[in-house]
Amino acid sequence: MTQLAIVYRTVPHGNSKGREALDLTLLAASYEVETAVFFIADGIYQLLKNQQPGVIDSKDHIATYRALPMYDVEQIYICAESMQQRDIELTDLIIPAQPLEPEQLRQQLFQSKQVLTF
Amino acid sequence: MTVLNTLSQPALSPQGLKDTLALLRPNDTLLLLQDAVVMACQPRFTETLADFELYVLSDDLTARGLALCANSPAKLIDYAGFVALSCQHQNQVTW
């Protein structure tokens, strides 16, 4: 059973939720809390390559997603249905993520002891 | 009165977008900015957005690593274009 699940469901840069979720993910992982991350709905935009947040004077937290494997966060799931709706492919992403259908995603998520949504 | 309608948050679904924009009429001017630009990249929103004179702030697309979807009816504008649009309309409504 995963101790902590962190759900990303908002578009980056218009608010700080993505950055806060990422900070929490890395912090939890550095305390050796077993952490899984889930990218669903508009949250999948967090992982897109080729973002240039500097253009709108937004702090760039996107490159930091590459640090997830180094912090031993290996459970990185992305909603396949959300990707299809948004015309996004796995090759568009900055890090490898495991696509799950909504039903599988629900099972993974509901197996976690704690779930935090951003 | 001519009105510039702006939207900065994405709708969760095409029906949600229709509900948000229920008071708009065909050919009303709509500008997508900030997080709302993602809707201009999703074919599922194209039909709903096609009703309007649609503009998208290009820097907000670039910041997010996105481009307009094929067949998008949107016109890309920069900040100067945003100012020009504001001047062309008598009022602005933020939805």
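Reply: Happy to. Keep in mind that this is a predicted model. Let's start with the parts list for chain B: its secondary structure comes to four helices and five strands.

The five strands of chain B form an open sheet, and their order across it is 4-3-2-1-5. The pairing is parallel. Look for the edges next: they are strand 4 (75-77) and strand 5 (91-94) of chain B, and each of these pairs on one side only. As you step across the sheet, the twist averages 30° from one strand to the next.

Strand 3 of chain B, residues 53-57, is joined to strand 4 of chain B by three bridges, and the two run parallel. To find the spot on your screen, pick out B:Val56, which stands opposite B:Leu76 in strand 4 of chain B.

What packs on this sheet? Helix 4 of chain B, residues 79-88, does. Helix 4 touches strand 1 (3-7), strand 2 (29-32), strand 3, strand 4 and strand 5 of chain B. The direction of helix 4 makes about 105° with that of strand 4 of chain B.

Step back and take in chain B as a whole. Its C-alpha atoms fill a box of roughly 30 × 30 × 20 Å, taken along the principal axes. A compact globule with 95 residues would have a radius of gyration near 12 Å, and chain B has 12 Å, so the two agree. Of those 95 residues, 35% count as buried. The contacts reach along the chain, too: among those in chain B between residues at least 6 apart in sequence, 68% join residues at least 24 apart.

Chain B also has a neighbour. The contact between the chains takes 18 residues from chain A and 15 residues from chain B. On the side of chain A that touches chain B, there are seven nonpolar, seven polar and four charged residues.

A:Thr117 lies in strand 5 of chain A, residues 114-117. A:Thr117 has 15 other C-beta atoms within 10 Å, so it counts as partly exposed. Leaving out residues up to four places away in sequence, A:Thr117 touches A:Val7 and A:Arg9. The C-alpha atoms of A:Thr117 and A:Arg9 are separated by 7.5 Å, although the two residues are 108 residues apart along the chain.

Notes. Residues are numbered from 1 along each chain as its sequence is written. Chains are lettered from A and ligands numbered from 1 in the order in which they are written. This is a predicted model: local features need pLDDT of at least 70, side-chain atom pairs count only at pLDDT 80 or more; totals for chains, interfaces and linings use all residues. Two residues are in contact if their C-beta atoms, placed from the backbone, lie within 7 Å. Ala, Val, Leu, Ile, Met, Phe, Trp, Tyr, Cys and Pro count as nonpolar, Asp, Glu, Lys and Arg as charged, and the others, Gly among them, as polar. Two strands pair if DSSP finds at least two bridges between them. Axes are lines fitted to C-alpha atoms, for helices over the stretch in contact, and angles run from 0 to 180 degrees between N-to-C directions. The radius of gyration is taken over C-alpha atoms; the globule rule is 2.2 Å times the number of residues to the power 0.38. A residue is buried if 20 or more other C-beta atoms lie within 10 Å of its own, exposed if 12 or fewer, and partly exposed in between; C-beta atoms are placed from the backbone.
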